[in-house]
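Biologist: I would like to go through this one label by label. Show me the structure, and I will ask what stands behind each word.

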Amino acid sequence: GTAVAFALAASNVELLVIFTALAAGMAMPWLLVAIWPNLARALPKPGRWMNKVRALFGLMLLATSCWLLYLLANHLPIFWIILLAVTAIVVLLARIKRVYGDKAMALSGAILLFSLAGSLLVASVTTEHWATPLPQDPNWKPLSNRLIEQSVAQGKTVFVNVTADWCITCQANKIGVILQDPVYSTLLADNVVTIQGDWTHPDSAVTDYLRANGRYGVPFNIVYGPYAPDGIPLPVILTEQVVMDAMNMASKGVR
């Protein structure tokens, strides 16, 4: 979602540079072998090691599936999430038994069980002892063009955050920038209005707002103020400096 949002908002020059870099990077191994053919002899020969690599990639896909299942919690009741997870585990173990035998199935089941228990334990310990607790969210108000216009007319600065629970970049911006000082303290000031559009579930009002600003995905952040009534759009990846500069420019006309 973040990649699509960036691609649809980027200029032609930015897209040309990015896709040229992607093409060069993906073609580089072949180009190097074409220039120095002897490099091909240094590449590993096909063999049993490929089965181990395949298993490793399978575990990576399994982890991705677990994350996607977690995201479904925003759209389905927890009962269906648990039912889907249990069904997937049963099918997985049955497939392992059929292909690799009973011992492999028992070992895989034990690994899944210990992984789940270990994850819950680490999460509990991290939350209680290791992780620095984050402050409460600013007093987000629902996204409203009228509220933005009224707040700017009153001489206030408006920080708009369009986000979604399934958007990893949104959560990184929130934890790494929005909830960290000096940005967090600035957003709590009396002359600042914080507005949030939640796109976790389809919302036509949020979609219309994004399209009106030439965006088609999240995250999207923009700052309004007396010196920036039309708004100052922020980049997809936020930094403390970028947000503070936009806040100062919108409220005071200076960086």
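This is a predicted model: local features need pLDDT of at least 70, side-chain atom pairs count only at pLDDT 80 or more; totals for chains, interfaces and linings use all residues.

Biologist: Why does 53% make Phe 79 exposed?

Modeller: The cut-off for exposed is over 50%. Phe 79 has 53%, so the label is exposed.

Biologist: Why is Trp 80 called partly exposed?

Modeller: Its relative accessible area is 44%. Buried needs under 20% and exposed needs over 50%. The value for Trp 80 falls in between, so it is partly exposed.

Biologist: What makes Phe 79 and Trp 80 an edge-to-face pair?

Modeller: Two values decide. The centres lie 5.2 Å apart, and the limit for a pair is within 6.5 Å. The planes stand at 75°. Over 60 degrees counts as edge-to-face, so that is the name.

Biologist: How many aromatic pairs does the structure hold?

Modeller: There are 4 aromatic pairs. Another one of them joins Trp 140 and Phe 159, and that pair is tilted.

Biologist: Why is the pair of Trp 140 and Phe 159 called tilted?

Modeller: Its ring centres are 6.3 Å apart, and its planes meet at 35°. Stacked needs under 30 degrees and edge-to-face needs over 60.

Biologist: What does the pair of Trp 140 and Phe 159 tie together?

Modeller: Trp 140 sits in the loop between helix 6 (102–130) and strand 1 (141–142). Phe 159 belongs to strand 2 (residues 157–163). The pair therefore links parts 19 residues apart in sequence. Both Trp 140 and Phe 159 are buried.

Biologist: Now the whole chain. How many helices and strands does the protein chain have?

Modeller: It has 11 helices and 5 strands.

Biologist: How do you know that the protein chain is more spread out than a compact globule?

Modeller: Its radius of gyration is 24 Å. For 255 residues the globule rule gives 18 Å. The value is well over that, so the chain is more spread out. The C-alpha trace spans about 70 × 55 × 35 Å along its principal axes. Of the 255 residues, 25% count as buried.

Biologist: Last one. What makes Pro 37 exposed?

Modeller: Pro 37 has 52% relative accessibility. That passes the cut-off of over 50%, so exposed is the label. Pro 37 lies in the loop between helix 2 (12–35) and helix 3 (39–42). Its C-alpha atom is 52 Å from that of Ile 232.

How values were computed:
Residues are numbered from 1 along each chain as its sequence is written. Side-chain values use heavy atoms; hydrogens and water are left out. Rings of Phe, Tyr and Trp (its six-membered ring) pair if their centres lie within 6.5 Å; planes under 30 degrees apart count as stacked, over 60 as edge-to-face and the rest as tilted. Buried means under 20% relative accessible area, exposed over 50%, partly exposed in between (1.4 Å probe, protein chains only). Helices (H or I, at least four residues) and strands (E, at least two) are DSSP runs, numbered from the N terminus. The radius of gyration is taken over C-alpha atoms; the globule rule is 2.2 Å times the number of residues to the power 0.38.
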